Amino acid sequence: MDNSILQLFPFERRAFWEKTASCQARLREIRLRVGQPAVVYLGSRETFLDKEGNFTDSPARGRIVTGTELEELLEHICSYSPYAFEEELRQGFLTVNGGHRVGVAGQVVMEREGCIRTIKNVRFLNIRISHQIRGAADKVLPDVYRRGVPKNVLILSPPGCGKTTLLRDLIRQVSDGNVYGRGRTVGVVDERSEIAGSCCGLPQNDVGLRTDVLDACPKSLGMMMLLRSMSPEVIAIDELGSREEFEALRSAAACGSNIMATAHGEGPEDIIKRFDVPEGLWRQLFQMIIVLGKENGSCVVKKIQEGWDADA
């Protein structure tokens, strides 16, 4: 599949974005705000684009984004049929070909109290560039298996330390099979389209040949749907965030599925503080904890922990 970011832009504007696209391997985000210069993030570096599309460190030299430009870009991303993407816009983001994700902000239109109908007058876009790293799970894979069967794994890390990247590659390798175990049917509940990067239901990232994906579905609901309909041997979710989701994971495990999940935190003690779940239930559910962090600016595996022990 064509992963180039040039496909995101109307044809007549692609020449301006060619320099940025040539650096796609290092590109993290493109932030466009009406009335402000475009901001591009290359690794940890923040830069701007001048009138020719070249990089500049000076905001004053940056070309100002216009409302017309942003509207044309959003229409192009929506295939000139924005009404077909109303549900995605309601959630505040679109996932496009290549697995790239476009966050939107502007004027929110409420349907009723607590329910967003859509976002109109979009004036802010955040294009997050998809980078699948095949082999990201290679170092932890031997520890994930016990006698050919994957353990129940929880991946913990602060934001931006690669937990979704690691989970995605674990899913792929467990699904395809590897030297430690046969290929297994994996069910993924991808509530925010960050694991598979699905566009119109089709994964843009390689999540394995035996993987089924429920895209843009609430995790607690989606896990039960997969158990009833797809008979997964393994269920995977990203960013475990509530007691309800935890109980759905417990139900999946009780039904015989192995589980893989991520959560924000620097260690098990953080999870105990954040969730209204007794430590004993965590011990029962997860057989292995992987803790990620950063060293010298790079994402690293800081700890691989057998079993649950908040004091380990």
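## Position of K273

K273 is exposed, with a relative accessible area of 70% (exposed means over 50% relative accessible area, buried under 20%, and partly exposed in between, with a 1.4 Å probe and protein chains only). The residue belongs to helix α8, which covers residues 268-274; helices are DSSP runs of H or I with at least four residues, strands are runs of E with at least two, and both are numbered from the N terminus. Between the C-alpha atoms of K273 and V144 there are 26 Å in space, against a sequence separation of 129 residues.

The model is predicted: local features need pLDDT of at least 70, side-chain atom pairs count only at pLDDT 80 or more, and totals for chains, interfaces and linings use all residues. Residues are numbered from 1 along each chain as its sequence is written, and side-chain values use heavy atoms, with hydrogens and water left out.

## Overall fold

The protein chain contains nine helices and 16 strands. The C-alpha trace spans about 60 × 45 × 35 Å along its principal axes.

Of the 312 residues, 49% are buried. The accessible surface amounts to about 14,800 Å², and carbon and sulfur atoms account for 48% of this area (Shrake-Rupley method, 1.4 Å probe; for residues, only the protein chains shown count as cover). Among contacts between residues at least 6 apart in sequence, 62% join residues at least 24 apart, where contact means heavy atoms within 4.5 Å.

## Largest pocket

The largest pocket has a volume of about 1,400 Å³. Pockets and cavities are found on a 1 Å grid over the protein atoms alone: a cavity is a set of points where a 1.4 Å probe fits but cannot get out, a pocket is an open set with protein on both sides within 12 Å along at least five of seven lines, and lining residues have an atom within 4 Å of a point. Grid points are joined across faces, edges and corners, and a volume is the space filled by probe spheres set on the points.

The pocket lining comprises 40 residues, with G160, C161, G162, T165 and C299 lying nearest the centre. Elements that each supply at least two lining residues are β1 (27-33), α5 (163-176), β15 (288-295) and β16 (298-306). By class, the lining has 13 nonpolar, 16 polar and 11 charged residues (Ala, Val, Leu, Ile, Met, Phe, Trp, Tyr, Cys and Pro count as nonpolar, Asp, Glu, Lys and Arg as charged, and the others, Gly among them, as polar).

One cavity of 30 Å³ or more is found in the whole structure. The largest cavity has a volume of about 40 Å³, and its lining is made up of F9, P10, R13, W17, L32, E69 and L73. Five of these residues are nonpolar, none is polar and two are charged.

Helix α2 spans residues 67-77, and its buried residues are G67, E69, L70, L73, L74, H76 and I77. The cover over the buried residues of α2 includes α1 (14-21), β1, β5 (93-95), β6 (101-112) and β7 (115-128). S79 follows α2 and has a positive phi, near 55 degrees.

Most residues other than glycine have a negative phi. N121, which is not a glycine, has a positive phi of about 45 degrees. This residue is in strand β7 and counts as partly exposed at 39% relative accessibility. Leaving aside neighbours within four places in sequence, N121 contacts G106 and Q107.

A216 sits in the loop between β12 (211-215) and α6 (219-229) and is partly exposed, with 34% relative accessibility.

D238 lies in the loop that joins β13 (234-237) and α7 (243-254). The residue is buried, at 9% relative accessible area. Apart from neighbours within four places in sequence, the contacts of D238 are T164, L167, E194, I195, K219 and T262. D238 and E71 are 167 residues apart along the chain, and their C-alpha atoms are separated by 31 Å.
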